Amino acid sequence: MDYKILNELIDNVDKYKAHKKPKNEKDEKGEQIYETLLEHTKRTEKYFDKFWQLKKCDDILDRFCSVLWQDKMIKKKDIEEAKIILKEMIEAIPIFHDLGKINPNFQIEKMSNKEIIRDENFIETKHSFISAIIYLSYFRNKIVNKVKGRKIKDLLKEFILYHAYIIERHHSDIDKIGKFVGKINFKANPDTEQAIKELPISKLIEAISKSKIYMKDLSLKKGSTDNLIASFEDKKFINKNDKRRSEKQGIYICIYIRWLYSLLVASDYYATSEFMNGGSFNEVDDLNNIQDWINVYENTDLMKNIRKYQNENYPMSMENLNKATNINILRSEIFCEVEEQIKNNYQENMFYLEAPTGSGKSNTAMNLSFKLMSLNKDLCKIFWIYPFNTLVEQNLDTLENIFGKKENIISKIAVINSLTPIKLKHVDCKGNIISENDESDENNEKNVYRQSLLDRQFLNYPMILSTHVSLFNTIFGESQQNLFGFYQLINSVIVLDEIQSYKNSIWTEIIYFLKPLANLFNMKIIIMSATLPNLDKLSQGQSEAIFLLKNSNKFFKIDCFKNRVQLNYDLLDTKVDDKFNQLKEHLKQHLDTDKKFLIEFIKKRTANDFWLYLVEDEYFREKNIKIEYLSGDDSLAERKRILDKIKQTEDTIVLVATQVIEAGVDIDMDIGYKNISKLDSEEQFIGRINRSCKRKGITYFFQIDDAKDIYKNDIRVDSEFTLEKEKMREILINKNFGDYYNKILDVTKNNNKAYIKDFLGSIADLNYEYIDKHMKLIDEDKNIVQVYLARKIVDINGDLIDGKEIWKQYVNLWKMKSSMDYAEWKVNMSIITSKMNYFIYQVNKSNLELKEYNDKMGNIIYIEDGDKYFTKDKFNREMLQGVGGIDFI
């Protein structure tokens, strides 16, 4: 089926318009420029087919059908015939998606189409639901009346419903199929009708039929959709009947709808952009030159040393490993063993990498990504996903050090987060747009902005660095924006770093969904951490993941990892009233020359208070001890300054920090102090102490704040699983994290039975709204307001930036929105907002003590004299937050 079928379906289809350009853009005759419905459908079909071919979607469809139609009672011949028809139904989605624009009200009010006569039988200007009804009618008639064989009909009926649902939602969030089912069941429900502001289906069909716009018989009447709905309802895996499918099949259906929805939305956007901007967007960025990357990577000093070790010493005997004092030997052993495992198992989809802190996991994961790409020719994209933006920036620095001199490679790497501007393509080192063709400079510049915005929206980059939150929004989110790039996950390598850093209450749901997704989309997912729970225990019945270190425990037991840091619990066990002062006095007693001290608190306020406590103490001033403070409130520039100072100084220095110091921060300290929290956090912290294994390290544990105040509903902070208990201390010293996580997983599995039942129920019901809400990694706090504190600071490049000027640019850009090309506006806004992050702080608005402010835009409050809210160049929350403040509405 192709777009030309519209000539058979729509009477005089050429007169219907799909889009129009802005009034200031005229044709040679000075008239409004329109895109006809036929033209738009042709473009959408073109992009849909292009994305389908590039992502090898026929393979996905084959895998989908082989899982969904696993039934000994179904003949292979019937399955093959059903698959051919299903492919035709899929190909029709972009063709039918905008047919509802034949709505006379849409044509008159939205398109100013003078060829169309108003029809009072239609209300509103909406078109997506009409498109869905026409699709539903067309294929119901085809399947029910023209397909032979009851089995084939039974296999296909539910897909008529799914595809019509996708079409109906393609301009909206994906929501939940229950609402759509309610709209096509012919029941007169005034409340529903008022809520959707559309004609009930019976009236809508009557209006379309009377207008004679659609030349086929809609063949829909009361009861005619019952079989389609029943086909969906009867097969849910939560039902107790012979027809029900498995949980895996239910998840496949859930993914199938997200996949086709994402493809349709992408195709529609690209098609519309092509018309609006007067040019085709043909550039699709996949990673098809991986060997170029590997050649540069293998030529680094680090890789040369590892390959030398691999050729001359690997594998080393366990006896010699235990004697090793050079940590690079152990890192090389781990690297080589993991590489062997991936070569032997590259056709699998899910991998676990558990290795000690400081063992070079990041470099090992980079090699794994490249190896998988070279061994699986279908793979075309890499995602490196981290828990925090700071780790994204840190790993970008690593990539720039390796590939920075290769413009053809470094230009293919993009950071996707709230801190980084949209990446501009075809830009030279000075930020000037390079002309790619003979277009005028103005048109060329606009097209660069437009292509860059599309790339960002649809994740059109070969390599992406981002956060768990961003990835999980793509995988589980219901909004159209979140689903833009869902199809880009196909044939990708995804490295998930420190997945256990998020609430354990959804670990089961994560692994339940990721495994089928990886299988269907041919994704290679590497989950890595120093403390990695065996998530297979939560996904019984699904295929097991591959452990890339068969016996990771042997490395944890090696002296260089296990005993490089001595653990001390004196401060934790001693019962004193003033633990704050006790900690300070203990620090004084153990201060030594040329030592680096790291003190971690789990609350910002406590950390800030202790830092001030130290800098105001005469003892530290007299000894000229350097004292620094690092928290999540610090900008990237301030963070870089502090970490560079720590790495470069040879003097005694004390760093007071919050939990931002735990994961992946590449510093090497001598003595640590930590407020206890989760056992995996303790191990992460220890990884910052004596990291090079060249000296003696020690960590003292204490408890000033209770971790239960921070980690709500996380069983890992229950006292029985913390260092308050001797058993947990034994686990930490012996690195028996498997024993620890077995206990955690047992409790998690037992506690989460009701939640997983609801989650699986929402998948069976195709309730994407519930899935989105349930799988949020960070719960939204509606009491949080953003406060912009204008100051003059130095950015990460060493340039002085003025917060007042940045705010003025932000306000002016909002004023220019209506007169500026949208893509250019979005790109410039991303540049401004990335600079604004240097000055924005998250504050609880219910406790604000701010009586005056200078400006307010959206949820951002602007304060011109920002310096007064800083103490010793650090943000002082207490000056803004307290009891009895005012609310901002």
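Which residues does Phe521 touch, not counting residues up to four places away in sequence? Phe521 touches Ile60, Arg63, Ile255, Trp259, Phe486, Leu489, Ile490 and Asn491, where a contact means heavy atoms within 4.5 Å.

This is a predicted model, in which local features need pLDDT of at least 70 and side-chain atom pairs count only at pLDDT 80 or more, while totals for chains, interfaces and linings use all residues. Residues are numbered from 1 along each chain as its sequence is written, and side-chain values use heavy atoms, with hydrogens and water left out.

**Confidence**

The pLDDT is the predictor's confidence in each residue, from 0 to 100. The protein averages a pLDDT of 89, and 94% of the residues score at least 70. Helices (H or I, at least four residues) and strands (E, at least two) are DSSP runs, numbered from the N terminus. Confidence is highest in helix H5 (residues 93-96), at a mean of 98, and lowest in helix H10 (residues 190-196), at 45. Two stretches in which pLDDT stays under 50 are listed below.

| Residues | pLDDT | Contacts beyond four places in sequence |
|---|---|---|
| 190-196 | under 50 | 5 contacts |
| 883-889 | under 50 | 19 contacts |

**Nonpolar cores**

A nonpolar core is a set of buried Ala, Val, Leu, Ile, Met, Phe, Trp, Tyr and Cys residues joined through side-chain atoms within 4.5 Å. Buried means under 20% relative accessible area, exposed over 50%, and partly exposed in between (1.4 Å probe, protein chains only). The largest nonpolar core has 182 residues, of which Phe96, Trp259 and Phe521 touch the most other members. Helix H13 supplies the largest share of this core, 16 residues. Another core, of 57 residues, lies apart from it and includes Leu321, Phe335, Trp384 and Leu465.

**The second largest pocket**

A pocket is an open set of points on a 1 Å grid over the protein atoms alone, where a 1.4 Å probe fits, with protein on both sides within 12 Å along at least five of seven lines; lining residues have an atom within 4 Å of a point. The second largest pocket is lined by 27 residues, and Met276, Asn277, Asp821, Tyr822 and Ala823 lie nearest its centre. Helix H13 (247-277), helix H21 (441-457) and helix H38 (822-836) each give two or more residues to this lining. H13 gives the most, with 7 residues.

**A buried loop residue**

Asn376 is placed in the loop between helix H18 (361-375) and strand E4 (381-386). Asn376 counts as buried because its relative accessibility is 11%.
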